[in-house]
Amino acid sequence: MDIEPRTVRANGITLAYRVWGPEDVPPVVLLHARGADGADWAEIAPALAAGPRRVYAPDLRGHGRSDWPGGYAYEAMRDDVLAFLGALGISRADVMGHSLGGAVAYLLAEHSPQRVRRLVLEEVPAPFPLDPPRPPAERPDGDLPYDWAMILATDEQRNAPDPVWWDHMGRITMPTLLIGGGPTSLIPQEQIAALAELLPDARRVTIDAGHLVHEARPEEFLAAVTEFLSPADRTPS
């Protein structure tokens, strides 16, 4: 297990990432929520790595120890992850994303479905315009572990997502698991249900934990995820 970040050049920037598990086993890439970084998965990753799997958790641009380049379109983050896979020689991986990371994950799956074996979307809103839109955010005092410009940029796209995001959901043909946090979540659960209805090969589970499912209910989260990721790897007894 290696919990200290490594770095790699991808899409013109430096991305920091953490890695768990042995080499030469199936890879899984974990994409964190807004304001977090790859360390957010530290409680989950070792159990996934025991699969065995090679688990990668990058810091998205503008977060943690990755570069803060000033441009924070969701599509740029998607392209970063695609380049990250290429830089590490990963031709195909399971991809799991939480909130912002989930949106980046489904954009990756739309854009390059051949690179994603299975997709897990934790507490991910459908790309509907917000009504009313989010008001301009006010920066907290002090140093932040992320670029404040990233908050402003992602709020802008969250208020008015590109309609193509929704139009291309049908391209996500790989098996997909959507995990919702139930009625206490800040994500409207009907949006998660709408995504599950639209995707060709989707299943949906609800774990009544609010928005931070993998943090609040790690055992239930892992049970759902490992069951979903493991069938293709099983051999008859």
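Hi everyone, let's start inside: helix H2 supplies the largest share of the lining of the largest cavity, three residues. This is a predicted model, in which local features need pLDDT of at least 70 and side-chain atom pairs count only at pLDDT 80 or more, while totals for chains, interfaces and linings use all residues. Residues are numbered from 1 along each chain as its sequence is written, and side-chain values use heavy atoms, with hydrogens and water left out. Helices (H or I, at least four residues) and strands (E, at least two) are DSSP runs, numbered from the N terminus.

Back to that cavity. A cavity here is a set of points, on a 1 Å grid over the protein atoms alone, where a 1.4 Å probe fits but cannot get out, and lining residues have an atom within 4 Å of a point. Grid points are joined across faces, edges and corners, and the volume is the space filled by probe spheres set on the points. The count comes to one cavity of 30 Å³ or more, and the largest holds about 40 Å³. Its lining is Leu15, Pro58, Asp59, Leu60, Arg61, Asp80, Val81 and Phe84.

Now for helix H4. The expected span of a helix is 1.5 Å times one less than its number of residues, so the twelve residues of H4, 148-159, should span 16 Å, and the 17 Å between the end C-alpha atoms agrees with that. At the N-terminal end, Asp147 is the cap, with a side-chain oxygen 3.1 Å from the backbone nitrogen of Ala149.

Which residues of H4 are buried? Taking buried as under 20% relative accessible area, exposed as over 50% and partly exposed as in between (1.4 Å probe, protein chains only), the buried ones are Trp148, Met150, Ile151, Thr154, Asp155, Gln157, Arg158 and Asn159. Their cover includes helices H2 (74-87), H3 (100-111), H5 (163-167) and H6 (189-198). Asp155 counts as buried because its relative accessibility is 8%. Leaving out residues up to four places away in sequence, Asp155 touches Arg34, Arg134 and Ala137, where contact means heavy atoms within 4.5 Å.

On to the cores. A nonpolar core is a set of buried Ala, Val, Leu, Ile, Met, Phe, Trp, Tyr and Cys residues joined through side-chain atoms within 4.5 Å. The largest has 48 residues, of which Leu31, Tyr106, Leu119 and Ile172 touch the most other members. H3 gives the most to this core, eight residues. Apart from this core lies another, of 22 residues, including Trp41, Ala49, Ile179 and Leu229. Beyond its neighbours within four places in sequence, Tyr106 is in contact with Leu119, Leu121, Val124, Pro125, Ala126, Pro127, Trp165, Met169 and Ile172.

Most residues other than glycine have a negative phi, and most peptide bonds are trans. Gly51 and Pro52 are joined by a cis peptide bond, with omega about 0°; Pro52 sits in the loop between helix H1 (45-49) and strand S4 (54-58). Asp131 and Pro132 are also joined by a cis bond, with omega about 5°, and Pro132 is in the loop between strand S6 (116-122) and H4.

Asp24 has a positive phi, near 65°, in the loop between strands S2 (13-20) and S3 (27-31). Ser99 has a positive phi too, near 55°, in the loop between strand S5 (93-98) and H3. Are these residues buried or exposed? Asp24 is exposed, at 81% relative accessible area, whereas Ser99 is buried, at 15%.

Definitions and conventions: A polar contact is a pair of N or O atoms within 3.5 Å; within protein, one must be able to donate a hydrogen and the other to accept it, and residues adjacent in sequence count only if both atoms are side-chain atoms. On a 1 Å grid over the protein atoms alone, a cavity is a set of points where a 1.4 Å probe fits but cannot get out, and a pocket is an open set with protein on both sides within 12 Å along at least five of seven lines; lining residues have an atom within 4 Å of a point.
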